Amino acid sequence: MYIFRMMRQILTFSAGFTYKISREKSLGITYINIINRFKHLICAKMDNRYYDNPFDDYPNVISANVVNATTNEINEDYKETMKIYIKRLIDRLKEKKNHWTYNDDYSIYTGSAGIAYMFYKYGKCFNEPVYIDEAMELLNVCIGKFRGKREITFLTGIVGPLALGAVVFHSEGYSDVAQNMISMVKLLQSVVLNESSDLPDELLYGRAGYLFSLLFLNSNISPAPIENDLIKQVIALIIKSGNLYSASRKYKTPLMYVWHGSEYIGGAHGLGGILYILLQAQQYLTQTQLQKDIKPALDFLQNIRYPTGNFPSSIGSHTDKLVHWCHGAPGMTMLFCLAYEIYKDENYLTTAVQCGEVIWSRGLLKKGYGICHGVAGNAYTFLSLFQQTKDIKYLYRACKFAEWCMDYGTHQSRSPDRPFSLFEGLAGTIYFLIDLQHPLSAKFPAYSI
């Protein structure tokens, strides 16, 4: 209440003071600048979206309790502690089943299919078949009841439950069931390849989300069930769309995209996320696409970073405040790690490392622990950097963010709309903690192949 009273007094005072200045020009504008600066600082303090990081960075006197510098692995006792918390959290989620099945959301992003994804992950990691069975049961329900039969992305469309279902059922020996699901995914190519439609290109609702589904199927099922030609057609259309829009806006990048009137940059809706999916399809890309389209777009992204190393949420944004997977540095770390791997350009790795510093400083978000805009999603940055550099500092940082997540519910300013879901809530936090059991093979769900 004190802050609000203070703000009201400042605003009242500055309004009156500005009026006085307008009548007494001889006073100049110095005092107005002071007042505006003061208001900016107060507003910034009120808009603080993260907790100050309380953890000592690596190395420190207790870091050996977390990671083993000799083996470059997580300390076994620490892993056992994580397992205890994972079990507690998954029991907590199961106790609340009525809360995450009542709303008819069957998507990977915020619905039952995402929870099925986590159950499958848990069952595979800890060799508990009952959770795989539960995942299959849930996915069957999701596919049968999904309302938007022509929604084509992994995260928000029916393609997600279908592609995930195909992988799960194939792994359990139900090849015929899996093949039917794959056929349904392929049928939707007519929607995706329709150039006259208003389908966007971004990850959550657009063509990049369909492309991810195709790559996900080919990377998890052998022999690969999706023909090269289909993947190449989707890639070509995404790049053509980006070329046309960028040229229409006269951008100094061959690729740019728009979604709901904004030219987003981040992982969920923007250029960064689209480039990341395209680069993961490297084997299907031409040299022209790699060198003339994607690389200049990467360089363009580097040039629009804030001085802090963070990225704007969209073109024209000047507010350096979002540090989420969906908007900001976390989604970009994985992109520039992969770009470094493909192009061998040290500048890309430097960019990824700078993203890591932003997230270590500002990544313990008050929004909570989720994957889309929470601490678990931000922690994947450190796993990506660890995988790329093998620097144990990043594994330690991931563990400290996991420690924050294990204390689930303590540090959170508000509850998400879907508090048990994969991308907004508890299921995603559990998924990250499971992934941390094997950090070198950890993959951000629905984003990293």
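Which residues lie nearest the centre of the largest pocket? They are Lys121, Asn220, Tyr431, Asp435 and Lys443, among 22 lining residues. The model is predicted: local features need pLDDT of at least 70, side-chain atom pairs count only at pLDDT 80 or more, and totals for chains, interfaces and linings use all residues. Residues are numbered from 1 along each chain as its sequence is written, and side-chain values use heavy atoms, without hydrogens or water.

A pocket is an open set of points on a 1 Å grid over the protein atoms alone, where a 1.4 Å probe fits, with protein on both sides within 12 Å along at least five of seven lines; lining residues have an atom within 4 Å of a point. The largest pocket holds about 470 Å³ of space, the volume filled by probe spheres set on the points. Helix α5 (112-126) supplies at least two lining residues, as do α7 (159-171), α10 (207-220) and α18 (426-435). The largest share, five residues, is from α5. Helices are DSSP runs (H or I, at least four residues), numbered from the N terminus.

Glutamine 437 sits in the segment after α18. This residue counts as buried because its relative accessibility is 3%, and buried means under 20% relative accessible area (1.4 Å probe, protein chains only). Beyond its neighbours within four places in sequence, glutamine 437 is in contact (heavy atoms within 4.5 Å) with Lys79, Met82, Lys83, Ile86, Cys125 and Phe126.

Helix α13 spans residues 287-303. Its buried residues include Leu290, Ile294 and Phe300. Among the elements covering the buried residues of α13 are α11 (228-249) and α14 (329-343).

How values were computed: The expected span of a helix is 1.5 Å times one less than its number of residues. Buried means under 20% relative accessible area, exposed over 50%, partly exposed in between (1.4 Å probe, protein chains only).
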